[in-house]
Amino acid sequence: MRNYEGIALVCPVSLGYAKQSSHGAAWYVGSVLRELIHSAGIAKSDVDGLAVSSFSLGVDSAIALTQHFGLSPRWIEQANMGGVSGIVALRKAARAVQCGETQIVACIGGDGAGHRSFEATAAHFSSWSIDASFPYGAGGPNAAFSLITRHYMEKYDAKREDFARIAVDQRYNANHYPKALLGHKRLSTQDYLQARPIAGPLHLFDCVMPCAGGEGFLIMSEARARTLKLPFVRLLAADELHNAHAKDAVQDRGGWTEYMPALYQRASVGPEDIDLLQTYDDYPVISMMQIEDMGFCEKGDGPKFVHETDMRFDHSGAATRKLPHNTCGGQLSCGQAGSAAGYLGLTETIRQLTHTAGSNQVPRARHGLVSGYGMVNYDRGLCSGAALLARGEA
Amino acid sequence: MNLKEKMQRRLKLSRPSLRARARPPKHRTALGAQFTAANLPTALALQHCKHCGHTQYPPAELCSICLEDQLIYQPADGSGVILARTELHHSLWEYFKRRLRQGSWPVCSIALDSGPVVIAHLGSDHLNAGDPVRVFSHTDASQQAVLIAVNATVDISSPEARRGIVSAMNLDIPAIKEDGL
């Protein structure tokens, strides 16, 4: 696979997290676009590529948005793949810029959160969920992931205390990231264990809070980023694989197992070189699955790994192995802004690697790994994606 | 309040939580409606591919193995094994919210011996992963076919026996709110 040399990721934007909002998805996508243009110091007409991800555009599509926003892009993409949207958009946009089909692509995920909108999304998520999962208790994603979590706990002898490690360290990170919706609240292991039950082994702090929000960044050539004097991040390698391991009766691994060794090789970087990791944390068990599948430990050793690893952004935890994980608090603490949540790991990593994160900056961050997961069409998340990013030298 | 006033109020305050009668999710795709129709006369009917012999669920337009358009509904054996079970304490749907006030709602995923993985209401107590179960379909209070899993030793051979299991779960009647609209 050809590398992504010469591609720059710039101008991470995260905005507008709200538990409920009267604004629609177009407001969030458009507001991110406005912020991207301002922070890059470019004209709207300079954006000649647009990649959009959203669950709540309704009858509109990415094309409709070009008229809403007065854009005339020569390259357009709509990647509605939930938690892997950001990585899918990034890979396509990077190739398009590399091939000269477009110069500057705005990659944006945005979703509103109207009254009872989550209920509507969950009730009509996919034809298989409509026919074969939602009628069974209408638990939405909590039901599907409680089955996956219980299976994982039984198969690998994982305990709630193990998942608490992920949620508690992420909340610490969120406590230092002002935009996180739950960042003002502390979370102790005790709080986590005593939370009210939601579904089987899942309790309140295993579940994300649906919210509104927007995330985005720009893809351009490294040369253009230098001309614009924008701090940038390079894309060392990226890959995706969907509906992998379809014969596994219950999901406990994803497509990463099939491509991560080659991805590390292409990037000439290994798990030991990663300064920060952003996994898709719709539920702690899914983060644990990604940690295993991406080679940080063996399958089934996730529970041991999280106890031996300090996942705080500032290395202030007790454990000796340091791996800052979901350094802005992830969805578990920021909230899950629909498709925008599939961009959260990327925007956060771009901030970290350009050393512009501010109050939750990881010290000396050079390499960041971002993974995406998503789309529970029926009983499991189908998508997997990963991107290895490196700080660009000015 | 007479019926007309009641219906006007219900239209004005279109909130499931205010309704006198809450029912399970009724919405299905066209394929889901076919599943309900095919399951009316029998304990369990699943899509069977006449071309390659594959049995599949959830219902789909084409065979997921050979992509041929030769799917028919055939009576299927409901024997299987529980993959994972869960108890819901929270639901997005008013019917289940009301049922949950009486206790958690058990649901499980099952690997049927014929191949497919199904999600079903759990109609027997004390079942866990690895336990053998039988799965059958029954009409719920929204007139849709839903799957129910019971201990493999439970008799589900007659429509009466199956109806009894469903009645014991209160799946065939709406969840009532006494002073609702």
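First, some housekeeping. Residues are numbered from 1 along each chain as its sequence is written, while chains are lettered from A and ligands numbered from 1 in the order in which they are written. As the model is predicted, local features need pLDDT of at least 70 and side-chain atom pairs count only at pLDDT 80 or more, with totals for chains, interfaces and linings using all residues, and side-chain values use heavy atoms, leaving out hydrogens and water.

Let's start with chain A. The C-alpha atoms fill a box of roughly 55 × 45 × 40 Å along the principal axes. Of the 394 residues, 65% are buried, meaning under 20% relative accessible area with a 1.4 Å probe, protein chains only.

Along the sequence the pattern reads α-β-α-β-β-β-β-α-β-β-β-β-α-β. Here 46% of the 181 residues count as buried. Take contacts, meaning heavy atoms within 4.5 Å: among those in chain B with a separation of 6 or more, 61% are between residues 24 or more positions apart.

Which strands make up the open sheet in chain B? They are β3, β2 and β4, in the order β3-β2-β4, with antiparallel pairing. Two strands pair if DSSP finds at least two bridges between them. At the edges sit β3 (55-56) and β4 (71-75) of chain B, each pairing on one side only. Strand β2(B), residues 45-49, is joined to β4(B) by 5 bridges, and A45(B) has P75(B) as its bridge partner.

Last stop: the second largest pocket, about 670 Å³ of space. A pocket is an open set of points on a 1 Å grid over the protein atoms alone, with protein on both sides within 12 Å along at least five of seven lines; lining residues have an atom within 4 Å of a point. Of the 22 lining residues, W128(A), A246(A), R380(A), Y57(B) and S64(B) are closest to the centre. The lining divides into 11 nonpolar, 7 polar and 4 charged residues.

Technical notes
Helix = DSSP H or I, 4+ residues; strand = E, 2+ residues; numbered from the N terminus. 1 Å grid on protein atoms, 1.4 Å probe; cavity = no way out; pocket = protein on both sides within 12 Å on 5 of 7 lines; lining within 4 Å. Points joined across faces, edges and corners; volume = space filled by probe spheres on them. Nonpolar A, V, L, I, M, F, W, Y, C, P; charged D, E, K, R; others polar. Buried < 20%, exposed > 50% of the residue type's maximum accessible area, 1.4 Å probe, protein only.
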